[in-house]
Amino acid sequence: MNRNRILFWTCILVGMICILSSLYLQNLYILRVAVFAVIAAMLAVSVNLLVGYTGQVSLGQAGFYGIGAYTVGLLTTQWHWSFWLALLAAFILTSLTGLILGLPTTQLKGHFLGIATLGFGIIVNVIFNNWTSLTGGPNGIRGIAPPELFGISLQYENYFLGFSLFCLMVVVLMVHLVVNSAIGRAWKCIRHDEISAQVSGINVYGYKLMAFSLSGGIAGIAGGLYAGFMTFISPETFDLNQSITIITTAILGGPGTLFGPLVGAGVLTVLSESLRALNELRLIIYRAILVTVIVFLPEGIYPFISKKLRKRGIASQLKLKDRRRELDEQDFSQS
Amino acid sequence: MSKILVKAEQVSVKFGGLWAVKKVDVDVKAGEILGIIGPNGAGKSTLLNVLTGLQRPSAGQIQIDNGYVSKKDAWQMVKMGIGRSFQTIRLLNELTVIENLLIGGHLYTKRGLLDVLGRTVRWRKTEQQITNKAMELLQLLGIGHKAQEEISALSLEERRRVEIARALMTRPKVLLLDEPGAGFSPQESDQLCELILSIRNRGISVVLVEHNMKVIMSLADRIIVLDHGQKIADGTPKEISEDELVIRAYLGGEDHA
């Protein structure tokens with residue numbers, strides 16, 4: 001128990017250090033990439049609730065992402081809401097969308113659920129493109145005001161990075177709390193065996209809906225952040241490719257773990273940025289690396305690393321125990 | 001006459017053109033051990049599925065505590081006090097024994113988002129309570145030392161015990177066990193009998209589907225015999241063992257016995 005608590009506060013501390021150090025970053029390119037990585041991480045965290053913890057496929061995550069972004073974009077430009085209210089509205093609206101999408105689709109399983117969520121993502125994208133009077137069609141929405149916090153404009157990349165890291169930290173903390181409770185246990189049970197869940201008194205349908213709703217809400221916040229950062233949004237950001245990237249990030253990092261999605265987002269960002277110089281070839285190499293990783297680390301990068309570390313940790317602890325026992329025995333013989 | 005906890009009236013289940021269960025009446029009284037026997041394919045498991053809400057009856061009614069529940073889902077039946085185990089063990093193999101039991105304690109935890117996110121005092125209290133309850137049950141079932149082991153590291157017999165423990169975590173009034181002794185040695189069967197009796201002594205009614213005649217004849221207060229989905233006999237073990245229809249169903253012959 002105690003060890004968990006130490007680990008918990010260490011993570012919080014590391015998070016704080018990351019947020020503070022982001023304020024000192026100077027390189028504009030790195031700053032922008034880092035903000036996108038944080039948004040990608042948040043999206044991966046959102047899909048991880050479904051794919052990782054509850055075992056439900058979602059190939060339409062970009063739909064929630066887009067609805068979040070467009071909510072913030074429209075409310076701030078057309079109706080002149082403050083960014084913060086708009087972000088809250090984006091969260092609520094995408095949670096509701098998740099709930100409504102979940103109502104029919106949670107009855108489906110496996111491939112069928114995949115196709116249904118895929119359809120959702122495409123429908124949302126089509127609406128962005130064609131409801132021109134509201135969304136501006138393919139031209140998107142321009143001139144979204146960057147948020148302000150206590151009089152400081154977050155249009156400076158440093159501040160925005162710090163702010164988005166803070167949001168990510170809060171989201172991860174919330175996911176941690178939810179997952180380590182009866183809700184998380186219920187999700188885990190649903191992922192492994194729904195009938196077991198039923199006879200344990202778990203309302204399978206209800207908990208799936210909850211996962212959809214929370215997942216949608218988190219993706220919606222990511223969308224709001226994206227809109228606030230870019231100040232310009234258009235439909236092609238929220239297409240099927242985006243959905244695939246989101247789910248890939250989560251699966252690559254380690255689905256069903258707290259930090260897997262973060263690791264996945266970090267690795268994928270570094271990978272795609274470092275391959276940028278290779279032009280068209282990079283897409284091929286990028287996908288080839290993805291395939292390789294999935295084949296050799298099917299459980300994901302983070303579980304692989306943490307297992308290695310834990311093994312080493314246990315080994316050193318055992319050594320420590322032996323050493324203590326020796327010392328105790330010495331004490332005993334001396335007295 | 002003791003109180004009737006579960007009452008199924010004229011329950012039928014039809015799969016395509018086949019009546020898996022046809023017009024069966026069952027009532028489970030408080031504190032009794034009710035045996036259900038019958039040849040393979042007689043509809044025993046289907047009947048259990050109906051009684052636990054995993055299978056909707058095609059016709060007929062089920063009452064629990066005098067309320068009709070035929071339209072309820074399995075998890076709601078659990079809430080009303082129906083717990084069960086499965087013939088093929090259904091545990092989460094990658095999780096530890098204690099984690100499996102905590103899942104069974106689901107209904108007795110605080111699980112609202114506010115409680116969970118705020119880690120409120122009552123949340124802590126209920127989590128502690130179900131953990132204690134789980135440990136207590138494991139001790140009672142003699143597998144307390146296995147609490148931190150993964151299910152995949154346990155023997156068949158231990159897994160059956162864990163599954164019964166998980167069902168007990170839901171605090172059932174009626175516990176339905178589907179062939180809990182399948183694949184057991186005679187010694188293990190004897191231990192199982194003791195276990196079932198101790199569960200009954202805690203005031204929980206037990207519905208027992210079992211192939212092992214020795215087990216069922218020694219434990220059951222009353223036995224229902226199914227054949228081809230229909231109830232062909234209902235009575236004390238002694239009555240059942242002398243019933244002509246039962247003997248015919250089991251031995252297959254005409255006036256053989």
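The following legends describe several close-up views of a predicted model.

**View 1. The contact between chain A and chain B.** In this predicted model, the contact draws 20 residues from chain A and 22 residues from chain B. On the side of chain B that touches chain A, three helices each supply at least two residues, namely α2 (74-79), α3 (97-104) and α4 (113-118) of chain B. Of the elements on this side, α2(B) gives the most, with 4 residues. Sorted by class, the residues with which chain B touches chain A are 10 nonpolar, 7 charged and 5 polar.

**View 2. The two domains of chain B.** The domain assignment divides chain B into domain 1, which is made of two stretches (1-81 + 173-257), and domain 2 (88-171). The C-alpha centres of domain 1 and domain 2 of chain B are 26 Å apart, and the contact takes 8 residues from domain 1 of chain B and 8 residues from domain 2 of chain B. On the side of domain 1 of chain B that touches domain 2 of chain B, the elements giving two or more residues are α2 and α7 (186-201) of chain B. That side of domain 1 of chain B holds 5 nonpolar, 2 charged and 1 polar residues.

**View 3. Helix α2 of chain A.** This helix, which covers residues 28-54 of chain A, has 27 residues and reaches 38 Å from its first C-alpha to its last, close to the 39 Å expected at 1.5 Å a residue. Along its course, α2(A) bends by about 45 degrees at N48(A). Because 20 of its 27 residues are buried, α2(A) is largely enclosed by the rest of the structure. After α2(A) comes G55(A), which has a positive phi, near 75 degrees.

View 4. An unreviewed UniProt entry places the feature "transmembrane region" at several stretches of chain A, among them residues 6-25 and 246-271. Residues 6-25 of chain A are 85% helix and 0% strand, and the end C-alpha atoms of this span lie 29 Å apart. Residues 246-271 of chain A are 77% helix and 0% strand, with the end C-alpha atoms 15 Å apart.

**View 5. S2(B), ahead of strand β1 of chain B.** S2(B) lies in the segment before β1 (4-15) of chain B. With residues up to four places away in sequence left out, S2(B) touches K29(B), A30(B) and G31(B). Is S2(B) buried or exposed? S2(B) counts as exposed because it has 9 C-beta neighbours inside 10 Å. The C-alpha atoms of S2(B) and I62(B), which are 60 residues apart along the chain, are separated by 19 Å.

View 6. Most residues other than glycine have a negative phi. Q10(B) is exposed because 12 other C-beta atoms lie within 10 Å, and a residue counts as exposed at 12 or fewer. R171(B), although not a glycine, has a positive phi of about 55 degrees, and lies in the loop between α6 (156-169) and β7 (174-178) of chain B. R171(B) has 17 C-beta neighbours inside 10 Å and therefore counts as partly exposed.

Terms used
Residues are numbered from 1 along each chain as its sequence is written. Chains are lettered from A and ligands numbered from 1 in the order in which they are written. This is a predicted model: local features need pLDDT of at least 70, side-chain atom pairs count only at pLDDT 80 or more; totals for chains, interfaces and linings use all residues. Two residues are in contact if their C-beta atoms, placed from the backbone, lie within 7 Å. Ala, Val, Leu, Ile, Met, Phe, Trp, Tyr, Cys and Pro count as nonpolar, Asp, Glu, Lys and Arg as charged, and the others, Gly among them, as polar. Domain bounds come from an automatic or database domain assignment. The expected span of a helix is 1.5 Å times one less than its number of residues. The bend at a residue is the angle between axes fitted to the seven residues ending there and the seven starting there. UniProt positions are given in the numbering used here, feature names are shortened, and annotations may be inferred rather than shown by experiment.
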